[in-house]
Structures are given as C-alpha cells and as structure tokens.
Amino acid sequence: MKKLFIATCALASLFYGCSKSKTSNVTPTQTGGVTTYVGNGTAGLVDASGTGAELNLPVDMAVDVAGNLYISDKGNNVIRKVAPGGSVSTFAGNGTAGYKDGAGTVAEFNGPEGIVIDETGNLYVSDSQNNVIRKITPAGLVSTYAGNGSLGLVDGPAATAEFAEPNGLAIDKARNIYVADFFNNVIRKIASDGTVTTYAGTGLAGKADGVAASASFHNPSGLTIDGSSNLYVAEATNNAIRQITPGGQVSTFATVNAGPIRVTIDGSSDLFASCNNNTIQKITNAGVVSTYAGDGTPGYEDSSLLSSEFNTPAGVIANSQGVIIVADYNNNRIRVVTP
C-alpha cells in the first residue's frame with residue numbers, strides 16, 4: 001500500500017487567492033514533497049471532506065479570492081468546489097453527459113476541460129465535447145458563453161462561433177479569454193464583448209514560429225499568461241512550450257521532451273508543466289528545463305519530490321514559493337507539491 005505523508009500545517013488556507021495567470025498564494029506545508037489534498041483514488045462522484053471525497057478524472061482547476069478551489073471533474077461531467085477546509089461539493093452539473101444550461105446541478109456538461117475565473121468570481125469552462133465555452137456565475141447559474149455547439153473553426157459573434165474540442169483556458173486583465181482549440185490547432189481569443197477571433201495559428205498541424213497568423217501548432221492543450229500579457233502554450237505533440245507576445249510573435253520558449261500537457265506560472269515568472277511522462281517539469285524564465293516532481297513511473301506515491309509518483313498529471317497551479325497544486329488525472333486526486 002502506498003504511504004500517505006500528511007502535511008504538518010493546516011490546509012484550511014492552502015488555496016488562497018488567484019491571479020488571471022492561475023497563480024495561487026498557496027501556503028507551503030512544513031515539510032517538502034508531495035501530499036494528497038482531495039480524493040481517495042476511487043473514480044466516483046462523492047461529496048465529502050478531503051480524502052473522503054471521490055473524483056473522476058479531474059483535469060483542471062481555478063481558485064477564487066476566498067480560497068475556494070474549483071475542479072473540472074471531466075469523468076463526472078461536473079464542476080466540483082473545494083472549500084478552504086477541504087470540504088468537497090458539486091457546484092454545477094448533474095453528472096449526466098449532456099448539454100443543458102441552468103442553475104447549479106440542473107445544468108449538464110460533456111467532458112469539461114479548462115477552467116478559469118475572472119475578477120468578479122465568474123467561472124469559464126471549456127466544455128470540450130459540446131465544443132462550447134460555458135460561464136458559471138458565483139451563484140452557480142450556467143450559460144453558454146461562446147460557441148454554437150458545432151465542431152468547426154468559425155470566428156465571429158459568440159453565438160455563431162465554432163470550436164473543435166476546446167481545451168485549456170487563460171484569462172487576462174481585460175477579461176479576454178484565450179482558448180487552446182485542440183483539434184483546430186489554433187489559439188482562439190474571446191474578447192470581453194464575446195467576439196471570437198483566431199489569435200494564433202493557421203489551423204494546419206505543425207510547429208512553425210513567426211507572426212501569429214502564419215505560425216502553426218499541433219494539438220495545443222494548456223495555456224497560462226504572465227503579467228506582461230505573454231501567453232504560454234503547452235503542446236505535448238510538439239514537446240514544446242510556445243510563447244505568444246502581445247504583439248503577435250510566436251516563438252518556442254522551451255523544448256520539453258516530457259510532453260507538456262498543462263502549464264502555469266509562478267510569481268518569479270518560472271513555468272511549471274504537467275507532462276505525459278508523469279512528472280512536473282520546471283522551466284525557468286531563462287528557458288532551462290528540469291524535473292521538479294515525480295520519478296516518471298505511472299503510479300501513486302506521496303513522498304519526496306523526485307520519489308513521488310503521478311498518473312497523467314493535468315491541471316497545475318503555482319505560487320511564488322514553488323508550491324504546485326496538481327490535478328492528478330488518472331489517480332482521481334488533487335495533489336500538493338511543496339519544495
């Protein structure tokens with residue numbers, strides 16, 4: 001049986017605060033390594049506290065200013081909420097794979113993926129199998145924010161735009177939302193008025209740097225944005241973290257042969273990527289890549305940083321001390337990585 005190393009500090013204030021770039025003011029635990037915060041490993045839909053709760057393929061996360069953690073629980077087709085003390089509840093979705101707007105658990109999702117939060121507490125979710133972006137108010141009211149549900153690559157007003165299995169999201173200070181449009185091989189932008197445009201990429205699968213309109217991507221899946229509005233894109237197929245400047249220049253920021261899936265940025269402008277070799281990789285602001293956590297074995301082990309095990313880690317949130325929150329997808333858990 002795997003050992004569970006319990007952090008010695010209270011987790012009640014673990015997730016406090018979040019910027020648009022998915023940086024959390026997470027309080028470090030007293031001892032370094034990897035611990036489990038939520039989930040017991042069983043794939044299920046059980047609301048409870050901490051490891052008494054059950055998740056099913058948690059894929060991404062966002063944190064509000066009160067310290068509530070929101071999880072896109074993909075296998076359950078719901079959005080979960082974890083209060084600062086670790087109590088888990090179902091915030092939106094009834095567990096049925098479908099497409100229905102409405103209040104709280106009346107609503108339906110189909111494979112929710114990326115999730116971000118704005119300054120007023122509204123959540124935005126890439127509802128991947130429905131090919132739309134959904135909005136959830138702080139009161140839990142779910143509506144369609146952009147996309148008509150058809151699979152395609154169509155820019156324009158929110159109600160007529162089309163996506164192809166939208167994945168990771170990022171949001172900037174002006175509430176523009178950026179979408180890793182996975183099967184379209186592009187990055188989309190949803191302006192605060194709902195207008196959808198193609199921000200970068202030609203739509204052809206590839207890896208070409210240059211001006212945004214002529215650059216190419218291959219199945220972009222993760223996004224984060226820094227304080228200067230540079231956007232970073234995780235591409236497992238290209239083994240790369242790409243950078244898109246506000247001026248529309250695309251470059252390869254780092255080559256990450258581990259296959260980056262999701263990416264986050266800390267207060268020191270260092271990036272952390274969850275990777276398909278079951279590790280968390282650190283990419284410094286100078287582009288130097290190293291393994292931060294995980295021994296590469298697909299498994300479950302709470303232990304020291306490089307002796308720990310993950311099983312397809314996905315969503316990541318970082319803080320300035322290097323603490324990382326990880327949605328451990330195939331382990332059905334939320335893990336905490338402390339330096």
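Ser-269 lies in the loop between strand 20 and strand 21 (271-275). The model is predicted. In total the structure holds 14 salt bridges. The points below cover hairpins, charge pairs, an open sheet and nonpolar cores.

**The hairpin of strand 20 and strand 21**

- Strand 20 and strand 21 form a hairpin, with five residues between them.
- The two strands run antiparallel and are joined by five bridges.
- One of the paired positions is Arg-262, whose bridge partner in strand 21 is Ser-274.
- Strand 20 is mostly covered, with six of its six residues buried.
- Ser-269, in the turn, has a positive phi of about 65°. Ser-269 is a residue other than glycine.
- Is Ser-269 buried, exposed or partly exposed? Its relative accessibility is 36%, so Ser-269 counts as partly exposed. Buried would require under 20%, and exposed over 50%.

- Arg-262 and Glu-113 form a salt bridge, and their closest N and O atoms are 3.0 Å apart.
- Arg-262 and Glu-113 are both buried.
- The pair belongs to a network of salt bridges that links Asp-60, Lys-74, Glu-113 and Arg-262.
- As background, side chains of opposite charge can pair when their charged atoms come close.

**Two other buried charge pairs**

- Arg-134 forms a salt bridge with Asp-127, with 2.6 Å between the closest N and O atoms.
- Arg-134 and Asp-127 are each buried.
- Arg-242 meets Glu-235 in another salt bridge, at 2.8 Å from N to O.
- Here too, Arg-242 and Glu-235 are both buried.

- Strand 8 (residues 123-127) pairs with strand 9 in the antiparallel sense, over five bridges.
- Within that pairing, Asp-127 stands opposite Val-132 in strand 9. Asp-127 is also the salt-bridge partner of Arg-134.
- Strand 8 and strand 9 make a hairpin with four residues between the strands. There, Asn-131 takes a positive phi near 60°.
- How enclosed is strand 9 (residues 132-136)? Four of its five residues are buried, so strand 9 is largely enclosed by the rest of the structure.
- Strand 9 also pairs with strand 10 (residues 141-146), again in the antiparallel sense, over four bridges.
- Lys-135 has Ser-143 in strand 10 as its bridge partner.
- Strand 9 and strand 10 form a hairpin with four residues between them. Gly-140 in that turn has a positive phi of about 95°.

- Four strands make up an open sheet in the order 2-3-4-5, with antiparallel pairing.
- Why do the edge strands have an open side? Strand 2 (58-63) and strand 5 (88-92) each have a single partner strand, so one side of each is left without a neighbour in the sheet.
- From one strand to the next, the twist averages 30°.
- Strand 4 (residues 78-82) and strand 5 run antiparallel and are joined by four bridges.
- Val-82 stands opposite Val-88 in strand 5.
- As background, side chains in a regular strand alternate between the two faces of the sheet.

**Nonpolar cores**

- The largest nonpolar core has 16 residues. Val-38, Met-61, Leu-69, Ile-71, Val-82, Ile-325 and Ile-334 touch the most other members.
- Strand 1 (33-38), strand 2, strand 3 (69-73), strand 25 and strand 26 each supply at least two residues of this core.

- Asn-332 lies in the loop between strand 25 (324-328) and strand 26 (333-338).
- Its phi is positive, at about 55°, although Asn-332 is not a glycine.
- Is Asn-332 buried or exposed? Asn-332 counts as buried, because its relative accessibility is 6%.

Methods. Residues numbered from 1 in each chain as written. Predicted model: local features only at pLDDT ≥ 70, side-chain atom pairs only at ≥ 80, totals over all residues. Heavy atoms only, no water. Salt bridge = Lys/Arg side-chain N within 4 Å of Asp/Glu carboxyl O. Buried < 20%, exposed > 50% of the residue type's maximum accessible area, 1.4 Å probe, protein only. Pairing = 2+ DSSP bridges. Axes fitted to C-alpha atoms, helices over the stretch in contact; angles between N-to-C directions. Core = buried A, V, L, I, M, F, W, Y, C linked by side-chain atoms within 4.5 Å.
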